[in-house]
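Notebook open, structure loaded. I'm jotting down what I look up as I go.

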Amino acid sequence: MILLYLRHNTTTEQAENPKSRHHTNYRIIMFCSNCGKEIADNAIMCPNCGAPTKKAPEIPTDASEKDWLTTLLLCFFLGGLGIHSFYSGKTVIGIVQLLTLGGCGIWTLFDFIMIICGKYKDGEGRVIVNKR
(Lines give C-alpha, C1' and ligand atoms only; values in the text may rest on other atoms or scores of the structure.)
Protein backbone atom coordinates (compact mmCIF):
# COMPACT_ATOMS: atom_id res chain seq x y z
CA MET A 1 0.00 0.00 0.00
CA ILE A 2 1.26 3.45 -0.89
CA LEU A 3 0.50 6.57 1.08
CA LEU A 4 -0.24 9.65 -1.03
CA TYR A 5 -0.77 13.27 -0.18
CA LEU A 6 -0.58 16.61 -1.92
CA ARG A 7 2.14 19.02 -0.86
CA HIS A 8 1.36 22.71 -1.23
CA ASN A 9 4.22 24.57 -2.90
CA THR A 10 4.16 28.30 -2.15
CA THR A 11 6.33 30.98 -3.62
CA THR A 12 8.02 33.62 -1.47
CA GLU A 13 5.55 36.22 -2.73
CA GLN A 14 2.62 34.06 -1.61
CA ALA A 15 4.21 33.52 1.78
CA GLU A 16 4.66 37.26 2.29
CA ASN A 17 1.23 38.23 0.93
CA PRO A 18 -1.48 35.65 1.71
CA LYS A 19 -4.05 37.58 -0.37
CA SER A 20 -1.97 37.12 -3.51
CA ARG A 21 -3.93 35.70 -6.45
CA HIS A 22 -1.10 33.60 -7.85
CA HIS A 23 -1.81 30.03 -8.82
CA THR A 24 -1.11 27.43 -6.19
CA ASN A 25 1.09 24.48 -7.15
CA TYR A 26 0.53 21.01 -5.78
CA ARG A 27 2.85 18.05 -5.99
CA ILE A 28 1.91 14.41 -5.39
CA ILE A 29 4.10 12.81 -2.75
CA MET A 30 4.25 9.02 -2.35
CA PHE A 31 5.61 7.17 0.63
CA CYS A 32 6.60 3.52 0.83
CA SER A 33 4.29 1.61 3.14
CA ASN A 34 7.17 -0.69 4.09
CA CYS A 35 9.95 1.74 5.09
CA GLY A 36 8.08 5.09 5.09
CA LYS A 37 10.58 6.90 2.84
CA GLU A 38 9.46 9.33 0.13
CA ILE A 39 9.52 7.80 -3.36
CA ALA A 40 8.82 9.04 -6.87
CA ASP A 41 5.17 9.01 -7.91
CA ASN A 42 5.92 6.74 -10.91
CA ALA A 43 8.16 4.28 -9.03
CA ILE A 44 7.49 0.58 -9.49
CA MET A 45 9.40 -0.36 -6.37
CA CYS A 46 10.90 1.48 -3.43
CA PRO A 47 14.58 2.32 -4.12
CA ASN A 48 15.33 2.17 -0.38
CA CYS A 49 13.88 -1.18 0.67
CA GLY A 50 12.87 -2.80 -2.66
CA ALA A 51 9.19 -3.24 -1.76
CA PRO A 52 6.86 -3.24 -4.79
CA THR A 53 4.59 -0.21 -5.09
CA LYS A 54 2.14 -1.52 -7.68
CA LYS A 55 0.28 -4.77 -7.54
CA ALA A 56 1.16 -7.04 -10.46
CA PRO A 57 -1.80 -8.30 -12.49
CA GLU A 58 -2.93 -11.71 -11.38
CA ILE A 59 -3.73 -14.43 -13.91
CA PRO A 60 -6.45 -16.80 -12.67
CA THR A 61 -5.32 -20.35 -11.98
CA ASP A 62 -8.11 -21.67 -14.20
CA ALA A 63 -7.01 -19.58 -17.21
CA SER A 64 -7.39 -21.12 -20.64
CA GLU A 65 -4.50 -21.90 -22.98
CA LYS A 66 -6.39 -20.15 -25.80
CA ASP A 67 -5.11 -16.73 -26.82
CA TRP A 68 -7.31 -13.81 -25.78
CA LEU A 69 -6.42 -11.54 -28.70
CA THR A 70 -7.04 -14.30 -31.26
CA THR A 71 -10.45 -15.00 -29.73
CA LEU A 72 -11.28 -11.29 -29.72
CA LEU A 73 -10.29 -10.78 -33.37
CA LEU A 74 -12.13 -13.91 -34.52
CA CYS A 75 -15.26 -12.74 -32.74
CA PHE A 76 -15.00 -9.24 -34.21
CA PHE A 77 -14.39 -10.27 -37.82
CA LEU A 78 -16.04 -13.73 -38.04
CA GLY A 79 -18.35 -13.73 -35.02
CA GLY A 80 -21.47 -14.01 -37.17
CA LEU A 81 -20.21 -17.40 -38.33
CA GLY A 82 -19.31 -18.56 -34.81
CA ILE A 83 -15.63 -19.06 -35.66
CA HIS A 84 -14.54 -17.78 -32.22
CA SER A 85 -16.67 -20.50 -30.62
CA PHE A 86 -15.05 -23.20 -32.76
CA TYR A 87 -11.62 -21.81 -31.82
CA SER A 88 -12.41 -21.84 -28.12
CA GLY A 89 -13.65 -25.45 -28.22
CA LYS A 90 -17.41 -24.82 -28.12
CA THR A 91 -18.27 -26.87 -31.20
CA VAL A 92 -22.03 -27.23 -30.62
CA ILE A 93 -22.45 -23.53 -29.87
CA GLY A 94 -20.33 -22.74 -32.94
CA ILE A 95 -22.66 -24.79 -35.16
CA VAL A 96 -25.74 -23.07 -33.72
CA GLN A 97 -24.12 -19.65 -34.23
CA LEU A 98 -23.20 -20.62 -37.79
CA LEU A 99 -26.81 -21.60 -38.57
CA THR A 100 -28.33 -18.49 -36.93
CA LEU A 101 -25.61 -16.06 -38.09
CA GLY A 102 -24.52 -15.41 -34.54
CA GLY A 103 -28.05 -15.15 -33.22
CA CYS A 104 -28.70 -12.31 -35.70
CA GLY A 105 -25.64 -10.53 -34.28
CA ILE A 106 -26.92 -10.32 -30.72
CA TRP A 107 -25.12 -13.48 -29.59
CA THR A 108 -21.92 -12.28 -31.26
CA LEU A 109 -22.15 -8.89 -29.56
CA PHE A 110 -22.70 -10.57 -26.20
CA ASP A 111 -19.68 -12.85 -26.73
CA PHE A 112 -17.56 -9.88 -27.85
CA ILE A 113 -18.36 -7.98 -24.65
CA MET A 114 -17.65 -11.07 -22.54
CA ILE A 115 -14.26 -11.53 -24.26
CA ILE A 116 -13.32 -7.87 -23.67
CA CYS A 117 -14.31 -8.13 -19.99
CA GLY A 118 -12.29 -11.34 -19.55
CA LYS A 119 -15.32 -13.45 -18.66
CA TYR A 120 -15.54 -15.61 -21.81
CA LYS A 121 -14.92 -19.31 -21.19
CA ASP A 122 -13.54 -21.98 -23.47
CA GLY A 123 -15.04 -25.41 -24.11
CA GLU A 124 -13.54 -26.78 -20.87
CA GLY A 125 -15.00 -23.98 -18.74
CA ARG A 126 -11.71 -22.12 -18.25
CA VAL A 127 -11.63 -18.34 -18.63
CA ILE A 128 -9.84 -16.88 -21.66
CA VAL A 129 -7.90 -13.90 -20.27
CA ASN A 130 -5.41 -11.38 -21.59
CA LYS A 131 -2.09 -12.59 -20.17
CA ARG A 132 -0.07 -9.54 -21.24
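I started at aspartate 122, which counts as buried because its relative accessibility is 6%. My cut-offs: buried is under 20% relative accessible area, exposed is over 50%, and partly exposed is in between (1.4 Å probe, protein chains only).

Ground rules before going on. This is a predicted model, where local features need pLDDT of at least 70 and side-chain atom pairs count only at pLDDT 80 or more, while totals for chains, interfaces and linings use all residues. Residues are numbered from 1 along each chain as its sequence is written, and side-chain values use heavy atoms, with hydrogens and water left out.

Next, salt bridges, meaning a side-chain nitrogen of Lys or Arg within 4 Å of a carboxyl oxygen of Asp or Glu. How many did I get by this rule? The count is two. Aspartate 122 pairs with arginine 126, with 3.7 Å between the closest N and O atoms. Arginine 126 also bridges to glutamate 124, at 2.8 Å from N to O. So I have Asp122, Glu124 and Arg126 linked in a salt-bridge network. Arginine 126 is partly exposed at 27% relative accessibility, and glutamate 124 is exposed at 63%.

Then I looked up threonine 71. I found it in helix H2, residues 68-78 (helices are DSSP runs of H or I, at least four residues, numbered from the N terminus). Threonine 71 is buried, at 0% relative accessibility. Leaving aside neighbours within four places in sequence, threonine 71 has contacts (heavy atoms within 4.5 Å) with His84, Tyr87, Ile115, Tyr120 and Ile128. Its C-alpha is 7.3 Å from that of serine 88, 17 residues apart in sequence.

Terms used:
Helices (H or I, at least four residues) and strands (E, at least two) are DSSP runs, numbered from the N terminus.
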